[in-house]
Amino acid sequence: MPDAAALSPNPSPAGGRGEPREPLARLDELDRRLIVATQGGLPLVPRPYQALAEQLGLAAEEVMARLRHLLEIGVIRRIGAVPNHYALGYTANGMSVWDVADERIDALGEAVGRLPFVTHCYHRPRALPLWPYNLFAMVHGKGREEVEAQVKQIGALLGADCRAHDVLYSSRILKKTGLRIGS
Amino acid sequence: MDETDRRIINALQGGFPICDDPYREVADKLGLSETELIARLQRLLEEKTLTRFGPMYQVERMGGAFVLAALAVPEAEYECVAETVNGLPEVAHNYRREHALNMWFVLATETPEGIPAAIEKIERATGLTVYAFPKLKEYFVEMKLHA
């Protein structure tokens with residue numbers, strides 16, 4: 001079990017830079033046990049929250065109330081199915097990257113993020129001279145052609161605000177595990 | 001994967017109910033029995049069409065940190081560096097991408113301080129510079145794909 005400091009309200013930003021962080025969620029030991037018990041998935045039984053409650057020695061009402069609260073405060077983004085995008089035929093994933101003026105990036109980023117095929121959109125720092133791009137938009141398609149058409153649409157939306165761009169395709173998955181907190 | 005599987009995947013990428021009989025509630029909406037829905041979810045997970053089914057946690061709201069980072073790895077050292085980088089528990093994903101920066105990975109740690117520590121470990125082990133791209137602002141994140 002990691003120390004309590006990992007979960008205490010400590011608003012220090014990662015690396016000392018970046019957007020002001022929202023105050024951290026206050027999680028107690030029971031929340032933590034609930035997270036550890038569900039980060040691999042929900043039980044596939046007719047009363048899954050009841051099953052979790054029994055496993056944790058809690059009342060089902062308590063488990064449900066805590067999950068609702070965690071959803072409300074954003075510790076849980078959503079509850080549902082995570083598809084393997086390769087299995088759904090989305091074999092091309094392109095990280096499209098754009099160099100736009102810092103003063104314009106928020107308006108542009110919001111607009112790009114609204115495009116239906118963009119799954120993630122972020123403002124990130126440049127690393128000059130190697131990396132002039134500050135707007136990252138992840139796109140997924142059933143082939144490179146589809147991704148290229150999507151990238152073109154982003155380019156059209158940015159218009160003259162785009163000073164340079166590139167698309168980095170993933171050619172190999174080297175590792176994919178996701179974060180697991182300790183139990 | 002048949003039409004019913006697709007309907008399940010499209011309907012269940014969020015909003016799974018928190019109630020006594022959530023599978024039954026969803027099954028009713030999809031015109032399935034609860035047993036069939038559970039059996040199909042089980043199979044979709046076994047076949048790896050779904051990677052998970054359950055709550056998706058946001059690490060940063062729990063005090064953890066996520067940072068995208070990249071390395072420019074000389075081709076001759078690529079496999080060796082990949083092994084070193086993948087060996088770190090802080091590395092959640094790692095992809096080869098075609099660019100001078102040809103290895104892109106996500107560092108996920110339980111505290112913000114874990115990020116610089118992981119970067120230092122990688123730099124020491126590989127002798128390469130880690131380029132970190134922490135997010136300055138998130139405009140949109142919704143990994144929902146149509147089945």
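Predicted model: local features only at pLDDT ≥ 70, side-chain atom pairs only at ≥ 80, totals over all residues.

Biologist: How many bridges join strand β2 of chain B to β5(B)?

Modeller: Three bridges join β2(B), residues 65-71, to β5(B), and the two strands run antiparallel. Within this pairing, B:Leu68 has B:Phe133 of β5(B) as its bridge partner.

Biologist: In which sheet do these strands lie, and what is the order of its strands?

Modeller: They belong to an open sheet of nine strands, paired antiparallel, in the order β5(B)-β2(B)-β4(B)-β3(B)-β5(A)-β2(A)-β4(A)-β3(A)-β6(B). At the edges are β5 (131-133) and β6 (137-141) of chain B, each of which pairs on one side only. From one strand to the next, the twist averages 25°.

Biologist: Which strand of chain B pairs with β1(A)?

Modeller: That strand is β1(B), residues 50-57; seven bridges link it to β1(A) in the antiparallel sense. A:Val82 stands opposite B:Arg52 of β1(B).

Biologist: How many residues does each chain bring to the contact?

Modeller: Chain A contributes 77 residues and chain B 69 residues. On the side of chain A that touches chain B, β5(A) gives the largest share, 10 residues. By class, that side of chain A has 42 nonpolar, 22 polar and 13 charged residues.

Biologist: Into which domains is chain B divided?

Modeller: Chain B comprises domain 1 (3-46) and domain 2 (59-133). The C-alpha centres of these two domains of chain B are 37 Å apart.

Key
Residues numbered from 1 in each chain as written. Chains lettered and ligands numbered in written order. Pairing = 2+ DSSP bridges. Helix = DSSP H or I, 4+ residues; strand = E, 2+ residues; numbered from the N terminus. Axes fitted to C-alpha atoms, helices over the stretch in contact; angles between N-to-C directions. Domains from an automatic or database assignment. Contact = placed C-beta atoms within 7 Å. Nonpolar A, V, L, I, M, F, W, Y, C, P; charged D, E, K, R; others polar.
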